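Grab your viewer and work along.

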Amino acid sequence: MSSSKSNKIVKLESSDNKTFEVEEAVAVQSETLKNMVDDGCANDTIPLPNVNGKILEMVLGWCKKHVDETVTGDELNKYEADFLDLDQADLYGLLMAANFLNVKGLLDRVLQRVADMIKGKKPEEIRRIFNIKNDFTPEEEEEIRLENAWAFD
Amino acid sequence: MKRAMADDEVTEKGEDKKMKKIRVEGEEEEGEGEGGEGKGKGEGEGEGGRGSGFVNLDENLLYEVLKHVDARTLASAGCVSKLWHRTAQDERLWELICTRHLANIDCLKQQLRSVVLALGGFRRLYSLFLCHLSKPQSSGSSSSSSASSSSSSWGPFAPMIGSKPPTRWGKDEVHLSLSLLSIRYYEKMNVNNRGR
């Protein structure tokens, strides 16, 4: 039985032991938390060992903004754009958190942001951006390059 | 957490600090990033304190990211590493790209999938034919200079398509590219038969 009382509080604890209290309406923007609430598992503090305090605060900020009825469409757009102006480490943390907590709107935005980072980039550039090791042999790499030559002209 | 890791880094070689800077800024031109790679991968787990953590991006999330890129980027991504190659080869991603431009003819999309998969898949369809549709056909040289493996049969059709790429591909463009794909498929098939 899901309670839609807006004054119910959900308590969360990040991996670095910071606690956050938010209204249920805010918390249930996360499908993961929503399921817990619906299943009646949200009465005690919910531990989130995969999300640190900094990132959790950001995610909750996002969720709060999205239930706030006083926020206009334009304000929300600006908020979302500014929100994703992050360094890679935070962006990665946010991606993991949004995925784990399943906050759909946020996850889509973060995925798009990551996609924008690699748009139009050559493979070497992508490797450099994400510090990925090139594990192809020279022969393999040559073969794959040929296969994808159409993309490089 | 990041602060704590930073202390460790200071005690390591100066190169590592530079490396972190490279990663955070994203796009340095130097090749020095290669040097500390081994370390970055090992310690980048979980907290991502050493690098940004994206080096550990798993296949599923990478797939989700690649859903949002265009065709060239997807092809480029396929050249990055073995994991990226595997993920970028996924037919569903190429189907998204091929059908993105399709006018919304639902039954067409469903029929399309089985036909295209039987004839070699969406990735091949795109790389051989559709990528040319996306380029502005301003001169014949653009179609002839592109991949030598691409069909020369596209040449005569280029003027018909016109100089501006259609923003929405209707049944005609779809049928045309499917016809070319199937011709190529059968050409290959005949070659195989002759070889036996």
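**Exercise 1.** Are W150(A) and Y126(B) buried or exposed?

Before we start: this is a predicted model, where local features need pLDDT of at least 70, side-chain atom pairs count only at pLDDT 80 or more, and totals for chains, interfaces and linings use all residues. Residues are numbered from 1 along each chain as its sequence is written, chains are lettered from A and ligands numbered from 1 in the order written, and side-chain values use heavy atoms, leaving out hydrogens and water.

*Solution.* Both W150(A) and Y126(B) are buried (under 20% relative accessible area, 1.4 Å probe, protein chains only).

**Exercise 2.** Work out how Y126(B) pairs with its aromatic partners.

*Solution.* 
- Step 1: W150(A) and Y126(B) make a tilted pair, 5.3 Å centre to centre with 55 degrees between the planes (ring centres of Phe, Tyr or Trp, taking its six-membered ring, within 6.5 Å; under 30 degrees is stacked, over 60 edge-to-face, the rest tilted).
- Step 2: W150(A) follows α8 (138-147) of chain A while Y126(B) sits in helix α9 (residues 122-134) of chain B, so this pair joins two chains (helices are DSSP runs of H or I, at least four residues, numbered from the N terminus).
- Step 3: W94(B) also pairs with Y126(B), tilted, at 5.8 Å and 45 degrees.

**Exercise 3.** Find a salt bridge between the chains.

*Solution.* 
- Step 1: The interface of chain B and chain A has two salt bridges (a Lys or Arg side-chain nitrogen within 4 Å of an Asp or Glu carboxyl oxygen).
- Step 2: E147(A) and R123(B) form a salt bridge at 3.3 Å, N to O.

Notes: Buried means under 20% relative accessible area, exposed over 50%, partly exposed in between (1.4 Å probe, protein chains only).
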